[in-house]
Amino acid sequence: VPGKGVKLMIDENKAIEIISARLSPSRCRHSLEVARVARQMAEQYGDDSSRAYLTGLLHDYAKGIAGDELVKIAEANHLITDEVDRQVPDLLHAPVGAFLLERDVGINDADILQAVKCHTVGCVDMTTLDKIIYLADMIEPGRDYPGLERLRCLAERSMDRAMLYGLETTIKYCIDCGRILHPQTIAVRNWFLTRQHD
């Protein structure tokens, strides 16, 4: 079991205290819902539900940071992976959040940090926790967009099929809105596509 034996550095109440002080009320509500959905998914898919809940609470730790500051932190700590990171700095809230959680909060659970880091553009070889946080972020009750109900149904049946659909939904949304696509999202979509067996 990934992360087995690693003591969680903070408990759920402390995590809620941290995000309540740091995030807007609406972002806090979102994080609480992501945590709740993540716990349910972890129970369904046989992952650590406490770790999933804690990761859901903390996944948007850097969300309130301005774009120029995100870029500054990312550049100083070698977190930029593509020029798109500078062009769409909000995407950096995931890797910067993971970095700050380790540096400032003392989270040393590699599984939690990895899931926070890849919850926006995804990554190849995603762990069960990575997929849970990515999907819980997309399907929590406060979300509303075309294809959401299908994604929720897929998430109950197959995380990999849900990941593919979720990534493709994101890609279509960016194209329809004329937004820049992160190349990693495309690479991750292709990775999941090549692993579909049905």
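Which residue's side chain meets that of glutamate 168 in a salt bridge? The partner is arginine 189, with an N to O distance of 2.9 Å. The points below set this pair in its context.

1. Basis of the note. This is a predicted model, in which local features need pLDDT of at least 70 and side-chain atom pairs count only at pLDDT 80 or more, while totals for chains, interfaces and linings use all residues. Residues are numbered from 1 along each chain as its sequence is written, and side-chain values use heavy atoms, with hydrogens and water left out.

2. Secondary structure. The protein chain holds 11 helices and zero strands; helices (H or I, at least four residues) and strands (E, at least two) are DSSP runs numbered from the N terminus. Read from the N terminus, the order of elements is α-α-α-α-α-α-α-α-α-α-α. The radius of gyration is 16 Å, close to the 16 Å that the globule rule gives for 198 residues, so the protein chain is as compact as a globular protein of that length. This radius is taken over C-alpha atoms, and the rule is 2.2 Å times the number of residues to the power 0.38.

3. Dimensions and packing. Along the principal axes, the C-alpha atoms of the protein chain fill a box of roughly 40 × 40 × 30 Å. Of its 198 residues, 47% count as buried, where buried means under 20% relative accessible area, exposed over 50%, and partly exposed in between (1.4 Å probe, protein chains only). Among contacts (heavy atoms within 4.5 Å) between residues at least 6 apart in sequence, 62% join residues at least 24 apart.

4. Charges. The protein chain carries 24 positive and 30 negative charges, whose mean positions are 2 Å apart. Lys and Arg count as positive and Asp and Glu as negative, whereas His and the chain ends are not counted. Each charge is placed at NZ of Lys, CZ of Arg, CG of Asp or CD of Glu.

5. Glutamate 168 lies in helix H10 and arginine 189 in helix H11 (residues 183-193), so the pair ties together parts 21 residues apart in sequence. Arginine 189 is partly exposed, at a relative accessible area of 24%. Another salt bridge joins the side chains of aspartate 160 and lysine 131 at 2.6 Å, N to O. This pair links distant parts of the chain, with aspartate 160 in helix H10 and lysine 131 in helix H8 (residues 128-139), 29 residues apart. Aspartate 160 is partly exposed at 28%, whereas lysine 131 is buried at 12% relative accessibility.

6. A salt-bridge network. Asp48, Arg51 and Asp109 are linked in a network of salt bridges. Within it, the side chains of aspartate 48 and arginine 51 meet at 2.9 Å, N to O. Aspartate 48 is partly exposed, with a relative accessible area of 30%, and arginine 51 is buried at 4%.

7. Threonine 170. This residue also lies in helix H10 (residues 159-176). At 24% relative accessibility, threonine 170 counts as partly exposed. Leaving aside residues up to four places away in sequence, threonine 170 touches Tyr134 and Met138. Its C-alpha atom is separated by 21 Å from that of methionine 41, 129 residues apart along the chain.

Methods: Salt bridge = Lys/Arg side-chain N within 4 Å of Asp/Glu carboxyl O.
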